[in-house]
Amino acid sequence: MNRRALVSLGSNLGDRRANLRRALALLEREPTLRLIAVSALLRTAPHGKCAAGGWFLNAAALLETELGIGELGHLLARLENRLGRRADRRRRDHARRLDLDLLLLGRLCDTENGYRVPHPRLTERPFILAPAAEIAPKILVPTTGRTIARHLRDFNH
């Protein structure tokens, strides 16, 4: 059964725009995925453990797939590593060439092989909500029963 997957993309190291373009090209070529939509790029300030790093470029991608949570999570991790993420994990400033996070997979609420949907901090991060709302405003977050767009509006008020 095909499900819609919502994935966030972020980069704050190196040529951020090129990093995101390469990641999207890899997602598009992946035979187990169908890329449906991609948001515009959003420039955001680093925060939390990444505060010492540079500004981020963030985006969201809407995909269709038959993969499960663990399979899709592992695929995203392989793509991150292919584009240099493994080396980035040793950086003290937490900067990264590429960060791919599985946000939602259909209406699933589960954890599989260390990957959890919905993403546990999805509704707390405007840099994830804004690009996601651009391409998938009506998608429901199954744990809250509210749309991505509603969560973004609530965050902004």
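View 1. Of the 157 residues in the chain, 49% are buried (under 20% relative accessible area; exposed is over 50% and partly exposed lies in between, with a 1.4 Å probe and protein chains only).

**View 2. Strand 1 beside strand 5.** Here we meet strand 1 (residues 3–11), which runs antiparallel to strand 5 and is joined to it by 6 bridges; two strands pair if DSSP finds at least two bridges between them. Within this pairing, L6 stands opposite L104 in strand 5. Strand 5 spans residues 99–105 and is mostly covered, with 7 of its 7 residues buried.

View 3. Now to helix 2 (residues 69–82), where E80 is found. Is E80 buried or exposed? E80 counts as buried because its relative accessibility is 4%. Its side chain reaches the backbone nitrogen of L100 at 2.7 Å, a polar contact (a pair of N or O atoms within 3.5 Å; within protein, one must be able to donate a hydrogen and the other to accept it, and residues adjacent in sequence count only if both atoms are side-chain atoms).

**View 4. A charge over a ring.** The charged end of R43 sits over the ring of W55, 4.1 Å from the ring centre. The rule asks for NZ of Lys or CZ of Arg within 6 Å of the ring centre and within 35 degrees of the ring normal.

**View 5. The loop residue L41.** L41 lies in the loop between strand 2 (33–38) and strand 3 (42–44). L41 is partly exposed because its relative accessible area is 34%. Although L41 and L9 are 32 residues apart along the chain, their C-alpha atoms are separated by 9.4 Å.

**Notes for all views.** Residues are numbered from 1 along each chain as its sequence is written, and side-chain values use heavy atoms, with hydrogens and water left out. As this is a predicted model, local features need pLDDT of at least 70 and side-chain atom pairs count only at pLDDT 80 or more, while totals for chains, interfaces and linings use all residues.

Terms used: Helix = DSSP H or I, 4+ residues; strand = E, 2+ residues; numbered from the N terminus.
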